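Please read the points alongside the sequence and the coordinates.

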Amino acid sequence: MSDPAFINHAGYVRVSCAHVKSRLIPMLKSLLATLLLLAPLTLVPLTLTAQTTKRAPTTAPASPSPDVVLHTSQGDITVALYPDKAPKSVANFLQYVRDGFYDGTVMHRAIPGYLVQGGLYTRDLQPKRTRSAIASEADNGLSNLRGTLVVARGADPNSGTSQFFFNLVDNRRLDFTGNQSGLTWGYTVFGKVTKGMDVVDKIAALPTRGLGPFAADVPNPLVVITSARVVGEDSPASASSAAAPAVAKPARKAAKHQG
Amino acid sequence: MATLFIADLHLDPSRPQITALFENYLASDEVRHADALYILGDLVEAWIGDDDDAELPQRIANAIRAVRDAGVPVYFMVGNRDFLLGETFAQRAGLTLLDDGTVHELYGRPTLLMHGDVLCTDDVAYQTVRQQVRTPQWKAQILSMPLEARRAFASKAREDSRAHTGATQESIMDVNDAAMKRAMHDADVTRLIHGHTHRPAVHSLQLDDQDAERIVLGDWYEHGSVLKVTPDRVELLGLSVS
């Protein structure tokens, strides 16, 4: 291959030119994500999961973790987090909150009877630049019950970044059913609404429309997270980091993006 | 007098018999005498850019160009596998690109045409990334990569996909009923034709107290699948691999 990039047996990209490396690797990962995730990879049908070992959903333990409140244009939503059951997911979410990443983002996808999703897109529906993806913790025994807060991701179980969703109903079909593939991994529950579920329901009840790159399901009017704060902490930890996330720069060094 | 629809061929060098079936079908009298041919997405297993100089894109362009040269309009709507296919290839092949969700009147009946993936709203993973990778910025970033790098990753994606599923055919979630009805209602049509789900069928339904139908195109994994629409009827037909 004449190109400076190639893939070794482990699937990692090696690049012979250091100058190219910082730019090319995220781009290649982006493409891989694109090609993989845009394949019709989906949740496994229930019929296929019947033979897998399903962990019984358990009740989440009380947690010493700080609560987070999302101040939205439809009202406040307070969530408790489950650091014992989903430490990486909780730390990831808290980091985005403390960075001010969610401030000014929208809940871009609402489907009554299913979920409300947000955490990536700006008011003009441009995706923000995220940090690296995190490993799935969907096998933590927590079930996708009504009111739970969940890491959204692509087809790769380990591709969650900033996006999250609230389950509007008991969506047990989104639970981990086995580690065979992205189809069976399910979605990581890492928190639960403790106050303001009526706000979540109100968002879900808004009329929806196609807008920007979305064909449908964008609440109308736009639901904006004006700010997200850790309860007891007044403002994002760093004003500079709050300003850092730029709009959609997938090739930047720090952006693994849904990899 | 007939209008033909195909989708989800997933043409790939690993399945030469399907590519040959596609070429033979496009050279058939049925196609050459059709009123129009519509390809509603996922023509190929992976599309890495219009600048791909591999054999398969060239064969596809030649096959479609011959249909166009015979006076048959060929319409193309991208699917989730070939959303990077653009105007450059379209011009080379003589394709007319259609936006997902286009309404065309077929023999007097407005018909909504979609690939179908946007209707699969239950699929969190898919919908989480779909828009993210289809922004002009992302497409530009990907297409600016060296061709060999894109080719290598397409190859790896195929391998990973097979390793994950044990087969080339992934499990695809069906369309969401409410999303489908809303799309038809918004487009003010009583007929929808789409692919993507690989569940070929003609579904009758009630929409706003009217009789309506949703026609799902079949895939081309084991054999070919064609929808033939005439002024009087719609018919899903299979094509055997010779």
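Against which helices and strands of chain B do the buried residues of helix 3 of chain B pack?

1. The structure is a predicted model. In answer to the question above, the buried residues of helix 3 of chain B pack against helix 1 (16-26), helix 2 (29-32), strand 2 (36-39), strand 3 (74-76), helix 4 (87-93) and strand 4 (95-97) of that chain.

2. The residues of helix 3 of chain B that are buried are Pro57(B), Ile60(B), Ile64(B) and Val67(B). Viewed down the helix axis, these buried residues fall within an arc of 90°, so they line one face of the helix. The face turned away from this buried side carries Glu55(B) and Asp69(B), which are exposed.

3. Helix 3 of chain B comprises 15 residues (residues 55-69), and its span from first to last C-alpha is 21 Å, close to the 21 Å expected at 1.5 Å a residue. Gly71(B), with a positive phi near 90°, follows the helix.

4. The largest nonpolar core contains 120 residues. Among those with the most contacts inside this core are Val116(A), Phe190(A) and Phe5(B). Leaving aside residues up to four places away in sequence, Phe5(B) touches Tyr38(B), Leu40(B), Ile193(B), Leu217(B), Leu227(B) and Val229(B).

5. On confidence, chain B has a mean pLDDT of 92, with 95% of its residues at 70 or more. Residues 164-169 of chain B, however, have pLDDT below 50, and this stretch makes 7 contacts in the model beyond near neighbours in sequence. The model scores are ipTM 0.70 and pTM 0.75.

Note on methods: Residues are numbered from 1 along each chain as its sequence is written. Chains are lettered from A and ligands numbered from 1 in the order in which they are written. This is a predicted model: local features need pLDDT of at least 70, side-chain atom pairs count only at pLDDT 80 or more; totals for chains, interfaces and linings use all residues. Helices (H or I, at least four residues) and strands (E, at least two) are DSSP runs, numbered from the N terminus. The expected span of a helix is 1.5 Å times one less than its number of residues. A residue is buried if 20 or more other C-beta atoms lie within 10 Å of its own, exposed if 12 or fewer, and partly exposed in between; C-beta atoms are placed from the backbone. The arc is that of the directions from the helix axis to the C-beta atoms. Two residues are in contact if their C-beta atoms, placed from the backbone, lie within 7 Å. pLDDT is the predictor's confidence in each residue, from 0 to 100. A nonpolar core is a set of buried Ala, Val, Leu, Ile, Met, Phe, Trp, Tyr and Cys residues joined through C-beta atoms within 7 Å.
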